[in-house]
Structures are given as structure tokens and as C-alpha cells.
Amino acid sequence: MQCGTSKIIGCRFSLHPMDSEFISIIQGALAEVDLSTVWRHTDDVSTVIRGEGPHVFNALTALTEKAASHGKHMAMNATFSVGCPGDTAGDSYMGIEDAVKNEIPEGPYVSSQFSLYPLNQSDYMETIYREINRAKERGVYNESMHYATGIHGSLKDVFSFYEETFAEAQIGEHPHVVMTINMSIHSPSHGGAEHAR
């Protein structure tokens, strides 16, 4: 098996609305967002979406925004992967060149953390440092921390950065990249940051 032979972007994620109506919030988001350009499967723990990068990121951004639109404190975690040598060619929508399906508003303030793993790259730390510098250039860098980097800003700006950095990390002849994201929205601990943007 060889890294980088699969161009499928996969993302496994979970939404965690801190509300007694969490089921209707999650199911409502899944029902309202146009997911026609990604393959999707939901189980009792998480949802996986697979397909072309722009469509996968558009779908997750729209789902997160829709769930967060209720104004309740919510967390989201996601793992992205591309180029895994153990991936399969099935369960994906590829070759879709249509424009993304969901309009993304600026959205609420988001505080998040991400970790980037450029596998199959001998100079992986250079890639990681470059993408941290990209966050600073884009104005979404928050802070350094153990095992992650803090990213914050509007929901749209934060997800735009993640989409860009995941694409830019796919360098070399056979890229295999993994990225994890943890995100908090409408948290009481944000201390008015939502209104200071």
C-alpha cells in the first residue's frame, strides 16, 4: 500500500449541542443542509462525509453553522484525512465540479484548536510551522499550546483557514495528511469575545 494514491477527502465529526433538545438540533442540521455532493453515513457516535475537498468542507461548515444558529453552547470535533493507504475507492462522490451547495454566513465567534499531521513527509515540521504562520497572516491565530494550535474568529473565517491549510499541507508526490479540530461556539467562557469582533 502507498500513501497519496487516494484523493478522497474524508471527515468524521460529531456535533455536541449543550441543550436538552440536542437530538432535534443535530437532526435538523443534517436535514436542512444540502449534502448532495458528499457521501454520508451517520451512526450512534459520529457522522462521516467523503468526497471532493471543497464539498466536504462546505458541508461541515454549513452543518456546524446550522447547529450553532440555535444560540446554544456547542462543541464540534472532526478528523480529516486524505491519502491514507488503507482507504477504499468506494463510499465517496468524486469528480463533482459543481459549485458548493451551501451559502455560508459569517457566523458566530468560534474558539478552536487544531493539530496537523503531514504524514509521509520527512520535513513535516516545516509544513506545520508554515501553516501556523498562515493562521497568523489570516488573522485567526489565537495561541500556541501543548499538542495543538489555537485558532479563533468568525465561523466562516475559521473554516476557510482550515480548508486552505489542509489543502496546502498536501505536498509531495504521495501526500497523506490528517488534521484534527476541536471547536467551541457560544461558550460562556468566551467572555464577550463574540461581541468584540
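Q: Which element of the protein chain has the lowest mean pLDDT, and which the highest?
A: In this predicted model, strand S2 has the lowest mean pLDDT among the elements, at 94. Strand S7, residues 148-154, has the highest, at 98.

Q: And what is the mean pLDDT of the protein chain?
A: The mean for the chain is 92. Of its residues, 94% reach 70 or more.

Q: Turning to pockets, what volume does the largest one have?
A: The volume of the largest pocket is about 310 Å³. Its lining comprises 16 residues, and those closest to the pocket centre are Leu15, Ile26, Thr42, Asp43 and Val45.

Q: Which elements give two or more residues to that lining of the largest pocket?
A: Two or more lining residues come from strand S1 (9-17) and from helix H1 (22-32).

Q: How does the lining of the largest pocket divide by class?
A: There are 8 nonpolar, 6 polar and 2 charged residues in the lining of the largest pocket.

Q: What about the second largest pocket: what is its volume, and which residues line it?
A: The second largest pocket has a volume of about 240 Å³. Its lining consists of Gly10, Cys11, Arg12, Trp39, His41, Val48, Arg50, Thr79, Phe80, Ser81, Cys84 and Asp87. Strands S1, S2 (39-42), S3 (47-51) and S4 (74-82) are the elements that give two or more residues to this lining. By class, the lining of the second largest pocket has 5 nonpolar, 4 polar and 3 charged residues.

Q: On to the aromatic residues. How many aromatic pairs are there?
A: The count comes to 6 aromatic pairs. One of them joins Phe80 and Phe166, with ring centres 5.7 Å apart.

Q: Why is the pair of Phe80 and Phe166 classed as tilted?
A: The planes of the two rings stand at 50°.

Q: Where do Phe80 and Phe166 lie in the chain?
A: Phe80 belongs to strand S4 and Phe166 to helix H4 (residues 155-168), so their pair ties together parts that are 86 residues apart in sequence.

Q: Are those two buried or exposed?
A: Phe80 is buried, because its relative accessible area of 0% is under the 20% cut-off. Phe166 also counts as buried, at 1% relative accessibility.

Q: Which residues make up the cluster with Phe80?
A: Ring pairs link Phe57, Phe80 and Phe166 into a cluster.

Q: What is the geometry of the pair formed by Phe114 and Phe161?
A: Phe114 and Phe161 form an edge-to-face pair, at 5.6 Å centre to centre with 85° between the planes. The pair links distant parts of the chain, with Phe114 in strand S5 (residues 109-119) and Phe161 in helix H4, 47 residues apart. Phe114 is buried at 4% relative accessibility, and Phe161 is buried at 2%.

Q: Which residue lies over the face of Tyr141?
A: Lys136 does, at 4.9 Å from the ring centre.

Q: A last topic, backbone angles. What phi does Asn120 have, and where is this residue?
A: Asn120 has a positive phi of about 65°, although it is not a glycine. Asn120 lies in the loop between strand S5 and helix H3 (124-138). With a relative accessible area of 52%, Asn120 is exposed.

Q: And what is phi for Tyr147?
A: Phi of Tyr147 is near 70°, again a positive value in a residue other than glycine. Tyr147 sits in the loop between strand S6 (141-145) and S7. Its relative accessible area is 78%, so Tyr147 is exposed.

Notes: Residues are numbered from 1 along each chain as its sequence is written. This is a predicted model: local features need pLDDT of at least 70, side-chain atom pairs count only at pLDDT 80 or more; totals for chains, interfaces and linings use all residues. Side-chain values use heavy atoms; hydrogens and water are left out. On a 1 Å grid over the protein atoms alone, a cavity is a set of points where a 1.4 Å probe fits but cannot get out, and a pocket is an open set with protein on both sides within 12 Å along at least five of seven lines; lining residues have an atom within 4 Å of a point. Grid points are joined across faces, edges and corners, and a volume is the space filled by probe spheres set on the points. Helices (H or I, at least four residues) and strands (E, at least two) are DSSP runs, numbered from the N terminus. Ala, Val, Leu, Ile, Met, Phe, Trp, Tyr, Cys and Pro count as nonpolar, Asp, Glu, Lys and Arg as charged, and the others, Gly among them, as polar. Rings of Phe, Tyr and Trp (its six-membered ring) pair if their centres lie within 6.5 Å; planes under 30 degrees apart count as stacked, over 60 as edge-to-face and the rest as tilted. Buried means under 20% relative accessible area, exposed over 50%, partly exposed in between (1.4 Å probe, protein chains only). A charge sits over a ring if NZ of Lys or CZ of Arg is within 6 Å of the ring centre and within 35 degrees of the ring normal. pLDDT is the predictor's confidence in each residue, from 0 to 100.
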